[in-house]
Amino acid sequence: MSIEVEIGHEVSRPTGLRPVITLKSSEFRRTREQGWLELEGLIAAAERRGIRALAPDALARLPQLYRSALSSLSVARAIALDRQLLLYLENLSLRAYLAIYSPRTGLGEAGLHFLRAFPAAVRQARWHCLISFLAFAVGVIAGFALTAGDEGWFATLVPAGLAGGRGAASSREALLNGEIFAPWPGAAVSIGIVANFLFSHNTIVGILAFSLGLAVGVPTLVLIAYQGVILGAFLALHYDRGLTVDFVAWIAIHGVTEISAILLCGAAGLVVAQKILFPDRYSRMDSLATHGRQAAEIAVGAILMLFVAAILEGGLRQLVASTPWRFAIAAATGIGWLAYLGLMRAAERER
Amino acid sequence: MSSTDVADRILRRGWRARREIITPEGVPLVVELAEYSERAIALAIDLVLWLCASLALLAVLLFFAVHGMSGVVLIAVLMLIAFFLRNLYFIHFELSHHGATPGKRIVGIRVTDRRGGPLKASAVIARNLTRELEVFIPAGILISVPAGSASGIQWGYVLVVGWLVCFVALMFMNRDRMRAGDVIAGTMVIALPRRHLLADLVEARAHFAFADRHLRAYGTRELQVLEDLLRRADAGEAPELLRDVCDRICRKIGWTQPVAPADTALFLRDFYTAQRAFLEREQLFGRARADKFEAARKRE
C-alpha cells in the first residue's frame, strides 16, 4: 500500500503542502472501471431485448467481461473497503451470472427438447412404470373377480358418477346400444369432452397419483390399484353379459392412451416417493430438486397424453362403431406410444 | 461472507432474507430472496395480462365460428384456451427473458437456480407446469363443479380447498420461500435491484494530514457508515449531522486542531480517505478491524 503521507505529521494544513494519498483500491477501480461499465451496458441490453439481440462480437465479449467482473469482485472483497463498490460489483456479477446462465432456448426449442426429454424420463423410470402397472393389474384382477362372482359388488366398487346408471340391473341390450354402440352425440358434446379434459376424472386421478408421491407413494399405489378395480368391475359386468370383446374394444380405443397416461402419472409419483425415502448422498430437498424434474416431465407428458386420449374419446370413439376398427385404432395408438417412448432415444443420438 | 456485511445491519436494516449461491466459476454471490408481497404482485400482473389475452382469443373464436355451442361447452373451451395460453405465457417469458415474466420484470424479481448452476429449460417448464397442479386445476375444479346438493360434493370442496391451502402454506414453511414448483425444479425467486456505480469518495489531494495514531480508533463498520453519510451529504441531506459527526470524530481520535464550519465536509472526506487507506493497508497485512471495538482491542 503506497501511502505517501508524512507519518507523524499531525498539523493540519488547509492550504500549502498537500500530501498525496494513493489507495490501492482506488487504483484498482480506475483500471477496471471501463470493463464493468461495458459489461453493465451489455447486460442492460440483454435484459431489455433478450440475449439473442446482442451483436455477435458483444456476445463474444460477454463471458470475458463476466469473468473479469467476478475476479474484480474477489479482489475487491480482499482489498477494498468501499461499501458502495462492493455492493455494485456484487450486483453486477449477479446480473451477469443471470444473463449468462439463463436458458437460451425459445419456446419452440423447449418444446422439441421436451419431446425428447419425456421418453428419456419415462425410460429412466421403467421400474416405477412396472410397479405402477402391477398395482393396476392387481386392481383389475381383484375388481373382476369380486364383481364376476357377485354383481352386487359393482355398486360398491364403482362410484355412482362413473357408473352412469350402469350396474347389476343393466341388460345386455342397454349396454350394447346405450353405451358401446351408442350413437355419436354430436360435435358440441365431443368438443366439450375434449375441452373439459383438464377437469375430467382421469386427469384428476393422474394429478393426484403424481402429487401423492409426496406422501411417500403408498396413496399413489392405492389410487392406481383402485382405478384397476373400477376397470375390473366394468369388465366383469360386460363379461357376464357376453360383451367382453366389444367392451374391450370400446375401452381400448382411448384407454390404451388414457390408462398408460395414468400409469405414467403413478410412476412419476413413485419417482418422487423414492427420492424422498432414499435420498442417497443428498439431502431430501436436493434429491427432490435433482430428480423432481424427471418426475415432472413424466407427469406433464402424461397429462398431454390424456389430452390425446380425450380427443380419441370425444371425437373418435362413438364415430367408429365397429369393434375391429376400434381394435385397430387402439393397436395403432399403442404401437405409436411404445415406439415413441421406447425409440426416441435413437433420434436423440443422431443429433 | 464478504466484508460488505460489516455495516449491513446499520445501513440496510437487512429487511430481505439473504442466501449465498456459488456460481459455476466458484465465486460465492449473495442473493436476496423476493418478498411474498413482490411475488404476489408479479403474479397478479401476469394473471391480468393472461386473462386479457384469453378473453381476446375467445372473442375472436366467438366472432368467427361455432354458434351452436351451449354455455357449458363454451366455458370448457375457454378453460382449455386459458390453460394453453397460461402455460405458454409463463414458460415463454421465463425462458427468453432471463427467468422473468413481464410481471416479475416490473416488480424486479427473477427465477434462478437454487444452487447457482445454470437455469435449465427443463426447470422452467417443471416449475411452471407444477403451478397447474398447485393452484389452477384445483381452482378450476372449484369453479367448474356445480355447487350440488349432495353431501359428496361438499366433501370434494373441502378436499380441494385443503389442497390449495396446503400448497400455499408450503411457501411459508420453508426458509427459501419455495412453492412446490420451485422445490421440484430446484429453483428460487430472488429480488434483483439494479445498482449504479457511484463516484469514489477518495480525495487524492488531502488538506488535512492524519497520522496513524489518529486512525486506530475506528474499524470497517464505522468507515462504511461514514461513507454512507458522505454520500447522503453529497445528495444534500443532513448538513448539521455532518458537523455533529465531525465533532465526535475529533473528540474520539484526539484531533486538537479546530475545524472551521466551512471545512467540515472537507475534513470528513479527508478523514474518510486516510481512514480507508489505513484500514485497507492493515487488512492487507492480515489485521482487519471489523469495528471500533475490535480496533480498540488491537490497539492494546
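**View 1. Pairing of β2 and β4 in chain B.** Strand β2 (residues 28-33) of chain B pairs with strand β4 (residues 187-191) of chain B in the antiparallel sense over 2 bridges; two strands pair if DSSP finds at least two bridges between them. Strands are DSSP runs of E with at least two residues, and helices are runs of H or I with at least four residues, both numbered from the N terminus. B:Leu33 has B:Ile190 of β4(B) as its bridge partner. This is a predicted model, in which local features need pLDDT of at least 70 and side-chain atom pairs count only at pLDDT 80 or more, while totals for chains, interfaces and linings use all residues. Residues are numbered from 1 along each chain as its sequence is written, and chains are lettered from A and ligands numbered from 1 in the order in which they are written.

View 2. In chain B, 4 strands form an open sheet with antiparallel pairing, in the order β1-β2-β4-β3. β1 (18-22) and β3 (109-113) of chain B are the edge strands, each pairing on one side only. On average, neighbouring strands of this sheet are turned by 50° against each other, direction ignored. Helix α3(A) packs on the sheet and touches β2 and β3 of chain B; residues are in contact if their C-beta atoms, placed from the backbone, lie within 7 Å. The direction of α3(A) makes about 85° with that of β2(B). Axes are lines fitted to C-alpha atoms, for helices over the stretch in contact, and angles run from 0 to 180 degrees between N-to-C directions.

**View 3. The side of chain A that touches chain B.** The contact takes 74 residues from chain A and 80 residues from chain B. Among the elements giving two or more residues to the chain A side are α1 (24-49), α2 (56-79) and α13 (284-317) of chain A. α3(A) gives the most, with 13 residues. The chain A side divides into 40 nonpolar, 19 polar and 15 charged residues; Ala, Val, Leu, Ile, Met, Phe, Trp, Tyr, Cys and Pro count as nonpolar, Asp, Glu, Lys and Arg as charged, and the others, Gly among them, as polar.

**View 4. Crossing of α9 and α10 in chain B.** The axes of helix α9 (residues 239-253) and helix α10 (residues 264-284) of chain B come within 10 Å and cross at roughly 50°. The contact includes B:Leu242 and B:Ile249 of α9(B), and B:Phe267 and B:Phe271 of α10(B). Its residues divide into 8 nonpolar, 1 polar and 1 charged.

Conventions: Contact = placed C-beta atoms within 7 Å.
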